[in-house]
Amino acid sequence: MKELSFPFSIYRDIVRGHDLHFGYWDDTTPTLEDAQNKLTQLMLDHIRGEGLNILDVGCGFGRFAYLLARQGHRVTALAPDAAMIRYAGEHFPHPHLRFLCEAFEDRNPSWWKPESYDLVVFFESSQHFPCLGDLFEACRAVLRPQGRMLVCDEMIYDESTAHETAVKPRRLYLMALAEAGFKIRSQKAIGAHTAPTCAAVLERLKTYPMSEGLDALAAGWQRQKQRHEEGAWGYEILEAEKDDYRIMASPQEDDPRLVELFQQVFAASRSLEHWRWKYRACPFGRDAVAVCRDAQNHVVANFSGYYVPIEDTKTTTTAMVLHVGDTMTHPRVRQVGFGKTSLLVRTARYFFARWCETQVPFVYGFNTGSHQKMGKMFLGYRPVYPLDEYTLNLQCLAPSVWNRLHYTCRSLRAFGAEHDALYERVKNAYGRFLVVRNSRYLNWRFADPDRNYTLLEVRRRFGPVAAYLVAEKKNGTAVIGDLFLDPAHPGALERALHQLGRTLGVQTVSLWMSQTPSWLTAHLSRLGFDRQPERQGLWFVYVPFQSPLDPKDMEGFYFTRADSDLF
């Protein structure tokens, strides 16, 4: 025992068992050792099958590897510390267990054999590897097809504390597993039950004789205790299975296969130029595109979003959020997995881990019933309300000489400083949240190379801009995508609608928008718009990340069709 290196020698002294890991505490747990036994049993409960060939990486004092061998499994247990391996071999000999003083990354042929293990275990050892991606790729190499990996460790939830520790952020585990071709079978956060371990260890350290390094060790545990109590750090058990599909970020070069997938799934044309415009040329953020590939490197699923600047008029702050854009799965793989293991859900979870958690306040989108149900069950979608569609026969909108005298209307090629001024002047009349409709955003948003938009501007005669709208002609109807109006000049909208009908040669206009602001929806009613449920059954949904927003908060979000990628 005296040969063990610091701090393992101290841990061996203060723990009355042979475990180096946290414990699982509940109301009936009297001691640290009892808590450690409970966590060990939780891990053993995840071992399914008989006579498995198991690799235990970072085996500590060897007790867990011994228990696996006693269950009839063949176990290879690794640790790079010679004294620890010697201790394990002396205390836990078993004919089906071998302890090796080896570093996992050295890949010694004595134990490194491709596709030879059924299970790889990391019991509080994964945090000691600098790159989870390299680690899980190596695990994939030694695992047989459908082989599994079991990870039990602390994880960081507040990444501002990551510099304090070797513990890794939780989202990096999710990303690295997906990129290495693993699907998560189960994931359980048990931090509330493991956090009391910190206080138990600190109590025992108080009674330990003073020695070099003891103060620093105690200070480290005190910091851990604080982080766990704050919820900045947690503890999780992950079980993942080797799979034929990998999920990763889209490569930096253009990928025409994503355009091909869109055409195969939706039977609609979309150009590579459109994809570049939306995901590569967006001035507010780029390349939030997750793709799933099969064993032949074919793209079979996609979940992506584009960045938009959202202003919170309540706090007068602006943040970049993501609008969920393309979500699709090739028909031939839609039956792969079920629920949380389906390829679309797995791709979405990767997207959330890579671009959303700790990075954006929320993401939003517009879903139909089937996607909304899946999103609520497995992705944390929060529905706000179903959309309404407004339609108007322009023949019912009588022309007004007064209106024509007070307002002028013209077509636009681009937006400029006067439209910036309009946004700043009236934004507070539109609710709590809205996309920052300045010229920088508008000129990008309506530069879609696959669309032919009509941009109209209405001015007070001899005065500033009072409104603008953007529309496109579709099936003989003018579909309004965006609408922004000075509430002090409601007549400007009437002027724009008459001009739109003449410009596009149509008699009917349609639009859908948010339920806020009420003054605008009331004005649409006064003009004669008929309000009906949106024909596809779309709902406004969102997923909060950094912001604790509930659906009531999001009811104050002003949006139009152009705030989606459906226009």
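**View A. Strands E2 and E3 run side by side in this predicted model.** Strand E2 (residues 74-79) and strand E3 pair in the parallel sense, with five bridges between them. Look for Val-75: its bridge partner in E3 is Leu-97. The pair belongs to an open sheet of seven strands, ordered E3-E2-E1-E4-E5-E7-E6, in which the pairing is mixed. Strand E3 (97-101) and strand E6 (182-189) are the edge strands, each pairing on one side only. On average, neighbouring strands of this sheet are turned by 15° against each other, direction ignored.

**View B. Helix H6 lies across strands E5, E6 and E7.** Helix H6 covers residues 170-179, while E5 spans 143-156 and E7 spans 233-242.

**View C. A second open sheet has seven strands and mixed pairing.** Here the order to trace is E15-E17-E18-E19-E20-E14-E21. Strand E15 (407-411) and strand E21 (530-533) each have a single partner strand, so one side of each is left without a neighbour in the sheet. From one strand to the next, the twist averages 30°. Within the sheet, strand E19 (residues 477-485) and strand E20 (residues 508-513) pair in the parallel sense over three bridges. A handy place to start is Thr-477, which stands opposite Thr-508 in E20.

**View D. Helix H17 packs on this sheet.** The helix, residues 491-504, touches E14, E15, E17, E18, E19 and E20, and its direction makes about 140° with that of E17. Which residues does Leu-497 contact, leaving aside its neighbours within four places in sequence? They are Leu-392, Leu-394, Leu-397, Ile-480, Val-509, Leu-527 and Phe-529.

**View E. The largest nonpolar core holds 149 residues.** The members that touch the most others are Phe-104, Phe-136, Trp-355, Tyr-364, Leu-497 and Phe-540. Helix H12 (residues 343-356) gives the most to this core, with ten residues. Apart from it lies another core, of 47 residues, including Leu-32, Met-43, Leu-119 and Tyr-235. As background, nonpolar side chains tend to be buried together in soluble globular proteins.

View F. Tyr-364 sits in strand E12 (residues 362-367) and Phe-540 in strand E22 (residues 539-544), so you are looking at a link between distant parts of the chain, 176 residues apart. Are these two residues buried or exposed? Both Tyr-364 and Phe-540 are buried.

**View G. Tyr-468 and Phe-484 form a tilted aromatic pair.** Centre to centre, the rings are 6.1 Å apart, and their planes make an angle of 35°. Tyr-468 lies in strand E18 and Phe-484 in strand E19, so the pair ties together parts that are 16 residues apart in sequence. Tyr-468 is buried, with a relative accessible area of 1%, and Phe-484 is buried too, at 0%. Both rings belong to one aromatic cluster whose other members include Phe-415, Tyr-423, Trp-519 and Phe-567.

**View H. A charge sits over an aromatic ring.** The ring is that of Phe-262, and the charged end of Arg-270 sits over it, 3.7 Å from the ring's centre.

Conventions: Residues are numbered from 1 along each chain as its sequence is written. This is a predicted model: local features need pLDDT of at least 70, side-chain atom pairs count only at pLDDT 80 or more; totals for chains, interfaces and linings use all residues. Side-chain values use heavy atoms; hydrogens and water are left out. Two strands pair if DSSP finds at least two bridges between them. Helices (H or I, at least four residues) and strands (E, at least two) are DSSP runs, numbered from the N terminus. Axes are lines fitted to C-alpha atoms, for helices over the stretch in contact, and angles run from 0 to 180 degrees between N-to-C directions. Contact means heavy atoms within 4.5 Å. A nonpolar core is a set of buried Ala, Val, Leu, Ile, Met, Phe, Trp, Tyr and Cys residues joined through side-chain atoms within 4.5 Å. Buried means under 20% relative accessible area, exposed over 50%, partly exposed in between (1.4 Å probe, protein chains only). Rings of Phe, Tyr and Trp (its six-membered ring) pair if their centres lie within 6.5 Å; planes under 30 degrees apart count as stacked, over 60 as edge-to-face and the rest as tilted. A charge sits over a ring if NZ of Lys or CZ of Arg is within 6 Å of the ring centre and within 35 degrees of the ring normal.
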